[in-house]
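Hi there,

Here is the structure I promised to pass on. Have a look at it first, and then read on for what turned up.

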Amino acid sequence: MRIAIDVMGGDHSPDAILAGSLDALELLSSDDRLVLIGDETIIREEMAERRLQDEPRVEVVGTSQVIEMAEPPVNALREKPDSSITRMAEAGGKRAGDKRCDVVISAGNTGACVAAAGKYLRRLPGVNRPGIAVTMPTFFGPVVICDVGANPEPRPHHLHQYAQMSAIYAQKLIELDTPRVALMSIGGEEGKGNALVRETHKLLKDDTSLNYVGYAEGRDIFDGKADVIVTEGFTGNVVLKLAEGLAAGLFRTIAHEIFEEDPDLAMKFEPIVKKIYKKHDYHEYGGAPLLGANGIMLICHGSSEARTITAAIRAGMKYAKLGINDAIVDAVSANEPASEEVA
């Protein structure tokens with residue numbers, strides 16, 4: 001298996017990305033290859049520092065440009081053809097030939113990653129628009145939310161496909177036989193939601209291949225109502241960031257209150273709090289897959305640490321071995337009429 005990493009993407013790049021990538025060598029077999037894409041001097045210095053300069057499982061692709069997090073994605077791709085994101089996406093496309101990578105990973109500009117995937121990876125047959133699926137840990141088990149930022153203005157049939165693809169993802173990766181699928185709305189009643197939500201609701205109700213359980217409100221994410229929740233990218237991204245901030249804030253508040261009440265009690269609670277925090281820490285889950293891309297792209301959090309990247313490499317290898325993309329093609333072709341959108 002060949003795995004490409006955008007070394008220059010993310011708030012803590014290149015150090016954290018390089019460290020996490022090289023730490024992941026222990027996950028690779030002798031036939032696997034790690035393709036590090038970015039500033040060649042920095043990459044080779046880090047490899048030499050770790051005495052890995054002659055490591056045969058690592059290939060280095062030097063680049064001269066970096067797409068910053070705040071740059072407009074499409075313009076950045078056009079103006080920076082030698083950026084690490086561009087070269088990473090190229091490595092995941094068919095034009096790479098026998099050098100094509102099975103998995104590509106970046107913690108860089110999400111919009112640029114999605115745009116680059118559209119240009120170089122393209123879409124799986126039958127898929128209209130890829131969506132980013134994030135797995136969110138809850139008390140009742142993990143919940144897959146799609147989309148969290150790839151497509152902020154979807155059509156109803158885009159959301160229908162997100163439901164199909166995410167259900168496959170949950171079946172394969174979380175090992176749920178018939179994942180319960182819900183549609184994000186502002187209430188549980190039949191007539192609630194805007195036109196997009198109501199039209200999508202009809203499509204999901206009529207799809208007998210899905211275990212559709214109706215609408216889900218924001219609080220239902222954590223109440224065990226569904227295993228998969230579908231929404232448009234704008235709302236999904238807000239929900240994701242709100243949940244991350246709320247979880248961190250609650251942990252901080254609880255720890256402060258206990259310490260103020262009784263410092264000895266706080267010391268007793270510390271290992272329990274750390275255990276709970278680890279279960280809900282996104283760094284443990286690695287990146288989020290761009291479902292529907294004709295290849296495997298994992299988009300990591302911008303603040304990814306070394307362990308995030310190692311976890312993403314592990315997740316990408318598992319995604320490839322489970323054949324999730326093949327299952328998505330089968331599901332979409334069996335349930336979706338021919339698309340009018342050109343791939």
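Predicted model: local features only at pLDDT ≥ 70, side-chain atom pairs only at ≥ 80, totals over all residues.

As for how the two helices lie, H6 covers residues 156-174 and H7 covers residues 195-206. Their axes are 9 Å apart, and the helices pack at an angle of about 50°. H6 and H7 are therefore oblique to each other, an angle between 35 and 65 degrees being neither roughly parallel nor roughly perpendicular. The crossing of H6 past H7 is right-handed.

Now to the charged side chains. Side chains of opposite charge can pair when their charged atoms come close. In this model the count comes to 12 salt bridges, and here are some of them.

- Glutamate 71 and lysine 80 are joined through their side chains by a salt bridge, at 2.7 Å from N to O. Is lysine 80 buried or exposed? Its relative accessibility is 18%, so lysine 80 counts as buried, the cut-off being under 20%.

- Glutamate 90 and arginine 87 form a salt bridge with an N to O distance of 3.5 Å. Both residues sit in helix H4 (residues 84-92), and because they are 3 residues apart there, about one helical turn separates them. Glutamate 90 is partly exposed, at 29% relative accessible area, and arginine 87 is partly exposed too, at 25%.

- Lysine 192 and glutamate 189 also meet in a salt bridge between their side chains, at 3.2 Å from N to O. Lysine 192 has a relative accessibility of 33% and counts as partly exposed. Glutamate 189 is likewise partly exposed, with a relative accessible area of 47%.

Which residues are linked in a network of salt bridges? Look for Asp23, Glu46 and Arg50, which are joined in this way.

Best wishes

Note on methods: Residues numbered from 1 in each chain as written. Heavy atoms only, no water. Axes fitted to C-alpha atoms, helices over the stretch in contact; angles between N-to-C directions. Helix = DSSP H or I, 4+ residues; strand = E, 2+ residues; numbered from the N terminus. Parallel < 35°, antiparallel > 145°, perpendicular 65-115°, else oblique. Left-handed = near helix turned anticlockwise from the far one by under 90°. Salt bridge = Lys/Arg side-chain N within 4 Å of Asp/Glu carboxyl O. Buried < 20%, exposed > 50% of the residue type's maximum accessible area, 1.4 Å probe, protein only.
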